[in-house]
Amino acid sequence: MAPPRSYPHRLLLLLPLVLLLIPAAAAAGPLYTAHCAAPGHAPDLLDGDDGSSGVAHAQAIQLSTGYFSGGGERLFGPDASFIPRTFSLLPTSVLRTADPSLLHVAATLSLSGGRRGPYPNRGGRFLFQYDSGRSHGPRLPRFVGRRGALAFDFDDYYSPATGELCMVGTGAGRAADGAPVALLPAVLRLRFPTPAANLTSPFVTGRLETTAPSPAGGIFEPVSLLAYAEEGYAYAESASCPQLPANGRGARQLFDGRSFSCANIKSLLKTGFTLDYGNGSASSLGIRQRYMFVNRIHCAADGAVRAYVVFSNQSDFSRYYFMVGEKAIVAEGFWDRKANRLCLKGCHVENSGPSRAELSVGECGIGMSFWFPSVWSIQERSFSAGLVWNASLKSEEGIVGYSNAVAPHWATNVAGLKYNYTKVDEAKQYYYKESALNKKRKGKFPDSNSYLDLAFRFYLKKGGGSGYASPITIGSMLYDGNSLVVDSGTFSRPAVVEKKQRLLNVSYDIRYVGNWSIETFQRQHIAAEGVYDTETGSLCLIACRGINVSSDCKILVTAQFASLDSKVTQHVQGKVRSLREKTDPLFFDTLEIASYGMYIDQVEESIWRMDLESTMALISMTLSCVFIVVQLFHVKKVPEALPAMSITMLVVLALGYMTPLVLNFEALFKNSNKQTVPFSGGGWLEVNEVMVRIITMITFLLQLRLLQLAWSARSVDGNKLETWAAERKVLWICLPLCIIGEL
């Protein structure tokens, strides 16, 4: 057998690349030594490593989200409280080294700041109006294209024993003003809690500094990093829970024999809590804010839970970012299966330095408890409730908090949840007084079988404003925005009886933005309950709205639905009026509301008709295109047929193809070609009219080509007088017929 052939010229081509890599590798050691005095460095150990330890350590140092401050406004914009500044650390590789106490780590650090906060000025916007500017323009890479965002690649060492991580590398991105930032050298130092995070040491802290001037035109200021430890936590002894408050409304069985689920706990605690300081416990706890947010929560398989809780006067806090509010508490505890409550003990979080990212754990002695109410009413419709108290005092009274009211399209575990109607009798009294509500009307109206039609978006006839009204319950059935949820063990029999009743007990959640007598053009939330007449389509509700720390329940909401077979565009009209005297400071003028649109069946019928029309137009235009192509092939083989073609008819056909193109010219260049329309069947119907217009354009161009060939053949034909006489006859006979057909 012949010996293998060698390719020395290929090795020579690789030699320059090797020579370039050798100085870079040699420079990595001195650069690390110059900026990282600890934890040290050692050569990689590749033999005998199965990778399992590296994966475990990678999870230990991974930080999905954290907060940072500093860096300079030129790079990240102003450090305002409503602008979420965030960073993440993602290890890309972890290798063992010759030193058992060191790990060789490569990671990516991403920082993002300087973006617009969540709805900083929403007062003058409609409730369902969103910023459409995001859908225009090219989409740039995640961190390179986003303003005020940088991404760094680091590669150096981490000591699990001391919790110290020090790495050097370079980063790139865009400054807050959009200027590109490239090859920014930096050093990252992080300190993880050792030997494990606990209640008094739950934070990962660090610092990011540049080692050279920034190409953005200034010096990259030091960045302070703060995150809540995600892995390696040591729980202490269990906490205890006091009795539920008198208005706690009971605690429902959340798992009901199933195993503990951290995801379920997180979903129920993701919304903010409105605090009630009715007993004056704020002074002993040092908490004076209006809202509470469980910003970070982690669980163990045995039911142990730890959390980072933020208190703020701002109602818009995002659970996706690590937030630093005016007040914070760290807590740990467990899920009590018998009491169906989350029992925690906590400690105050205090600032330990001038930066907002420098936090430390202070005085403890705080008790916290969360439970999930089993009964809803017009006053309280929260999925979760909480209690914060001073554990050092003998009194078990504390600050009660209820999660913010349910949104129009909520979806979560509702097993064991019931609704208690308290305003139905009062609503019936007004229903019978209003003759327009109980007067018999012709037609079929929405009922519990067509519950999707009972939700509607409305507009104010005067003054401007809009809102959305969605049923929460229909009888004893819960409405989650998409379907009715019935507890088969409790509500199955009553639900069958309620469908046969004329008057149904209903409760609504109404969200509204518009002019109000007390607060001008502000977001309002109204909880209402009352009755709905399935035979007249009339809705009569008693409503409550929150005013500061109290509520106004002297509000009457009436509405009338159009029949299901009605063709009118205004399918709901109604009023929101105050039941108070005009001299009462809470009195407001009557608001007339109207809803325009179609019912679900009408929407589905309209979509089906549009789909059929679009399909027929597509088939018709495709056949026209095919026939013109056949004509072009025919005249190519038989050129004598071209002079016999009617120029008039070819021009009329070309104009017929051109007209829809001119009328819909802008639609050809829209970013979004498809309309996606939801319907009650749960599927999605995509109407794509651009394909019809594209085929129409192709047909139009082919028709112009055929017209050109016919005109050229006619110009050289000897029988011009006869042919043009025939054209006049076609013009006088066929053209009026085409005009009549268009009309």
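Me: How many bridges join strand β3 to strand β4?
Reply: Strand β3 (residues 103-112) and strand β4 (residues 149-159) run antiparallel and are joined by 10 bridges. Strands (E, at least two residues) and helices (H or I, at least four) are DSSP runs numbered from the N terminus, and two strands pair if DSSP finds at least two bridges between them. This is a predicted model, in which local features need pLDDT of at least 70 and side-chain atom pairs count only at pLDDT 80 or more, while totals for chains, interfaces and linings use all residues. Residues are numbered from 1 along each chain as its sequence is written, and side-chain values use heavy atoms, without hydrogens and water.

Me: Which residue stands opposite Ala-149 in β4?
Reply: Ser-112 stands opposite Ala-149.

Me: And what do the 8 strands close into?
Reply: They close into a barrel, with antiparallel pairing in the order β1-β2-β3-β4-β5-β6-β7-β8.

Me: Changing topic, how many disulfides are there?
Reply: A search of the whole structure finds 4 disulfides, a disulfide being a pair of cysteine sulfur atoms within 2.5 Å. One of them is formed by Cys-36 and Cys-166, with sulfur atoms 1.8 Å apart.

Me: Where are Cys-36 and Cys-166 in the chain?
Reply: Cys-36 is in the loop between α1 (8-35) and α2 (52-61), and Cys-166 is in strand β5 (residues 164-174), 130 residues apart.

Me: At what angle do the axes of α10 and α11 cross?
Reply: The axes of helix α10 (residues 647-663) and helix α11 (residues 690-715) cross at roughly 155° and come within 9 Å. Axes are lines fitted to C-alpha atoms over the stretch in contact, with angles from 0 to 180 degrees between N-to-C directions.
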